[in-house]
Amino acid sequence: MPFVEVLDTGPLTTIQDAGRFGLRDFGVSQAGPMDQLAFEMSNLLVGNVKSAAAFEFALNGGRFRFDANTAVAVTGPGVELSIDGAAMATNQTLKIDAGQILCIGPVRNGLWGYLAVAGGINTQPVLGSRATHLRFGLGGLAGRSLVGGDRVPVASTDGSPPVRIAEQDLPKTDQTPIRVILGPQDDYFHPDMIAQFLSTTFRVSTRVDRMASILDGAPLIATRGHDIISDATIPGVIQVPASGQPLILMAEGQTTGGYPKIATIIGADLRRVAQTAPGKNLSFVAVAPEEAEAALLGYRNQHHKILKSVCLAKFGQICNAQLYSTNLISGVWDSNTGKE
Amino acid sequence: MGPKARILHCGEQAFSVELADEIDENVNLRIIALAKHLKEDPPDGLVELIPSYRSLLVCFNPSQITGKSMERALLDRLDQVHKPKVNTGALWDIPAVYGGEVGLDLDDLAYEKNLSQPEFIQLHSSSTYRIYMIGFAPGFCYLGGLPEVLHTPRLPQPRPNIPQGAIGIGGRQGSINSVAGPSGWRFIAWTPLKIFAPERLEPFLLRPGDRVRFVPVSAEEGNDLSRRQASGEIIVRPQ
């Protein structure tokens, strides 16, 4: 079986597929990609099904050597990459030959990026999924993050998958406040504290991983205390432990928790939260459930259109003008978004 | 189903159906009954159900059903689901090797509670525990029914690595560690029974509503059961 050799990589590079669903009632959170859209796009660009297993990396990609001719695609906000030293663009199919080295640099305008390989990563599924669950050591390669020297098996292909580009930009990581629905335990907080939560500009701390992002800001105090009878959690809930520092649960967050949940991030904005790197700011605005629902349906529609825009192309037929017009050379992520 | 029920938004894709604000067997029985009812006859757009002590998280897909319609469906169900007669969960007799390296707190706890070691073991193993919920880690179950004498606060600083199978006490609850990891609970025994084994046909043995009894066995018996389990034998069957 062909493999990809990891020469060196960042601390949070893992194998992820769509995730491990339907097991939250048994204490297993889904894992899967932190940025579902970027993940799915990387797969479609190499001709895979959108849920195929791919590499996810945070902050920094690393170097990968291929032992067979194949095709790869890299997605993520402001990711720089090269093949044997020649600069390449995100969001398109890249042919790579046996022995060549793909070098993926920092994720400049966000946090998470993806590398998909034609055929998909072919590790052994655990509980029906290849997604790495780091906390409990499930899936991926021995349930852990990848390190230099790892050889990751990939499915065989004939080495000539169709070349694709994405004609549509991924949505920008803009700076508007993150929309939330208050609750389910907003009644643990005095209305003044809710007002403080909604007017504070929080800073994403360095304590960020696949489980959670912890925010720094004026502490939030729960009038009724910071312990609830433990109940279920899902990605996007904002827990407030006794430290007063809000903790946003993400893809690998635990399935139950004993802290009051002041609010829940709406589905349409969760991806933006995931892509907000340590040191960047986040603020929140409360919306009605109906507005969140409409936003979710709109986001899904946009998501679908973006994935549909991945189209067949031939290298020779993409002129520079076209590349610029689709913003492929500078990356789809507007360089201005780096300022957030 | 009781006047105290509240249906709370947890984002736009889930409702938390909260029946009470207490840990109570009857409340928990109703939660499990509601989950069962919804699972057997799912409303349109239902995605996932996550029961806990006193609430049920109902995850749904707004592309298939609006929040308003789901809320109405849940209110209807609350009217239809009645208090179950008795607990119908399975009963598990789980072998337990008390003390030793894993049950490292047994001596201290017995001393603290002014009990001899055999008295402590007798007390812990003569109770029937009930699984109120599963969460925190794959297959990790929270056990109610710990005799009051044995209630013990968690450690202020968790220990970094408690093995799989460790049997513990955290406050007024009991537990069986389903995976290795850090824990602030106090540990008094271990079981060879793997309650979570991802490679097994049935990866999770225990379910909310099941009951558990601990059966003291010697370290040799425990090791022997471990070996038999490793070779594929089923070492405990529910009643």
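Biologist: So what covers the buried residues of helix 4 of chain A?

Modeller: Pieces of both chains. Bear in mind that this is a predicted model. The cover includes helix 1 (36–45) and strand 13 (178–182) of chain A, along with strand 1 (6–9) and helix 2 (67–80) of chain B.

Biologist: And which residues of helix 4 of chain A are the buried ones?

Modeller: Pro289(A), Ala292(A), Glu293(A), Leu296(A) and Ile306(A). They sit on the same side of helix 4 of chain A, because their arc around the axis is only 150 degrees.

Biologist: What's exposed on the other side of helix 4 of chain A?

Modeller: Over there you have Glu290(A), Gly298(A), Asn301(A), Lys305(A) and Lys308(A).

Biologist: How far apart are the end C-alpha atoms of helix 4 of chain A?

Modeller: They are 28 Å apart. With 20 residues (289–308) at 1.5 Å a residue, the helix should span 28 Å, so the two agree.

Biologist: OK, switching to strands. Which sense does strand 14 of chain A take with strand 15 of chain A?

Modeller: Antiparallel, over 3 bridges. One pair there is Arg203(A) with Asp216(A).

Biologist: Next, where is Gly258(A) found?

Modeller: In the loop between strand 19 (256–257) and strand 20 (261–265) of chain A. Gly258(A) counts as partly exposed because 15 other C-beta atoms lie within 10 Å.

Biologist: What does Gly258(A) touch, not counting residues up to four places away in sequence?

Modeller: Asp227(A), Ile228(A) and Ser230(A). Take Asp227(A): 31 residues from Gly258(A) in sequence, but 5.6 Å away in space, C-alpha to C-alpha.

Biologist: Last topic, chain B. What does the domain assignment give?

Modeller: Domain 1 (6–80) and domain 2 (91–230), according to that assignment. Their C-alpha centres lie 30 Å apart.

Biologist: How many residues of domain 1 of chain B are in contact with domain 2 of chain B?

Modeller: 7, and they meet 7 residues of domain 2 of chain B. Helix 1 (residues 25–40) of chain B gives the most to the domain 1 side, with 3 residues. By class, that side has 4 nonpolar, 2 polar and 1 charged residues.

How values were computed: Residues are numbered from 1 along each chain as its sequence is written. Chains are lettered from A and ligands numbered from 1 in the order in which they are written. This is a predicted model: local features need pLDDT of at least 70, side-chain atom pairs count only at pLDDT 80 or more; totals for chains, interfaces and linings use all residues. Helices (H or I, at least four residues) and strands (E, at least two) are DSSP runs, numbered from the N terminus. The expected span of a helix is 1.5 Å times one less than its number of residues. A residue is buried if 20 or more other C-beta atoms lie within 10 Å of its own, exposed if 12 or fewer, and partly exposed in between; C-beta atoms are placed from the backbone. The arc is that of the directions from the helix axis to the C-beta atoms. Two residues are in contact if their C-beta atoms, placed from the backbone, lie within 7 Å. Two strands pair if DSSP finds at least two bridges between them. Domain bounds come from an automatic or database domain assignment. Ala, Val, Leu, Ile, Met, Phe, Trp, Tyr, Cys and Pro count as nonpolar, Asp, Glu, Lys and Arg as charged, and the others, Gly among them, as polar.
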